[in-house]
Amino acid sequence: MSFERVEQTLQADLHERRQQQRYRSQLLVDSPQGRELNLDGRCLLNFASNDYLGLASDPRLQQAMKKAVDQWGVGSGSAHLVCGHSRAHHVLEEELADFVGAPRALLFSTGYMANLGVLSALCGRHDSILQDRLNHASLLDGAKLSGAKLLRYRHADVEDMRSRAQQTKSLRLIATDTIFSMDGDGAPVQHIQQLADEQSCWALFDEAHAIGVSGRQGRGLACVSDKNWPQNRIVMGTLGKAVGVTGAFVAGSELLIESLIHKARSYIYTTAMPPAVAATVSASLRIIRHADDKRQHLAELIQYWRAGAQQSGLNLLPSDSAIQPLLLGSSARVRYYSRQLQQRALLVGAIRPPTVARGSARLRITLTAAHTKAHVDRLLSALCEIQQQESGHENVA
Ligand SMILES: *Cc1c(COP(=O)(O)O)cnc(C)c1O
């Protein structure tokens, strides 16, 4: 086969994506992350990021990082198990363990790598893993990498989860997002923990969208406050969303963390995050512990948005988190809405298959503590306008 044939296959695949309105490209941003983004010389109001507390360009954290770079330099030099594990990493791990109430925590370079590492370290080809159907791609990919059998239960459905668990012999781990990334709703955390206890297996809670925003002081939905950490509980949290920086951690028992250090290949065979990044995350955690005002403001904005959207007849999903998807159905409609919003200087996530199921394409609108009610009003009135305009020409979808 000539290499031209190889290229033709790729071309055909891209062509098909274009035909299906699934073609994607990066936006080019010329400003720091924040409430407003500069895109191609235009200023857009940003409802697309996961920077839920507006910390990604917080001046206090910018200062903290500059200072940390002066102290630690820019690179970590190697993996954690060689010579890349600095005091800054060590201190942050202790702070993160304390934050979620776990005996110990371990840093990973990204949440994607953390999930791959945990699943492939703890599960093998003779095991089964049970997951919510709407779990994040990294949890699904981790299960694949482990070689275990992957069983998926209907979204947040405790009955279905239980009956599938009872049908499998070698259940090793149950995994769930605690707040679902594309739907914004929550998982039945207590039920999952209970089932994992009954089945004597691990319970893995992915707190990517909860750390910093949900639970007391933003400690997440699977945090423990009385030092009674269940031996089988694993929390994964990301540091690039509400925490505003980058990276991730896994928290759990001493035995879990020691095992990950020896077995999680995405921990072992990769360069440690720069120590200055770790120090910046520490500074962010100090802000987050005392950010009840930001979380309160965000909660009020969410209520305000939902009331307004309901009044305007917009098709909201049942979410009370900062993730507020607007279900549109077809990819074509999502593209139409997102383009129309961009013309009105508003940016939202345009989420299409395969990220979500066929026929459930949506706008992923995210609110942050940096928004005001006036910003929400701008978004609401633009959406109403587009809705009316759309019913004027029936051929959009
Ligand atoms: C974003 C996300 C991840 C991956 O985290 P990164 O640090 O961005 O790699 C994992 N799980 C969920 C649910 C996420 O939303």
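Axes here are lines fitted to C-alpha atoms, for helices over the stretch in contact, and angles run from 0 to 180 degrees between N-to-C directions. Helices (H or I, at least four residues) and strands (E, at least two) are DSSP runs, numbered from the N terminus. This is a predicted model, where local features need pLDDT of at least 70, side-chain atom pairs count only at pLDDT 80 or more, and totals for chains, interfaces and linings use all residues. Residues are numbered from 1 along each chain as its sequence is written, and side-chain values use heavy atoms, with hydrogens and water left out.

**View 1. Helices α7 and α8 cross at roughly 15°.** Here α7 (residues 158-167) and α8 (residues 189-199) have axes that come within 11 Å. That crossing makes α7 roughly parallel to α8 (angles under 35 degrees count as such). On the α7 side, the contact (heavy atoms within 4.5 Å) is made by V158, M161, R162, A165 and Q166. From α8 come H191, I192, Q194, L195, E198 and Q199.

**View 2. Helix α5 (residues 111-122) has 12 residues.** From first C-alpha to last, α5 reaches 17 Å, close to the 16 Å expected at 1.5 Å a residue (1.5 Å times one less than the number of residues). Because 10 of its 12 residues are buried, α5 is largely enclosed by the rest of the structure; buried means under 20% relative accessible area, with a 1.4 Å probe and protein chains only. Among those buried are G111, M113, L116 and L122.

**View 3. S181 sits in the loop between β6 (171-177) and α8.** With 6% relative accessibility, S181 counts as buried. Beyond its neighbours within four places in sequence, S181 touches H136, H209, I323 and R364.

How values were computed. Parallel < 35°, antiparallel > 145°, perpendicular 65-115°, else oblique. Buried < 20%, exposed > 50% of the residue type's maximum accessible area, 1.4 Å probe, protein only.
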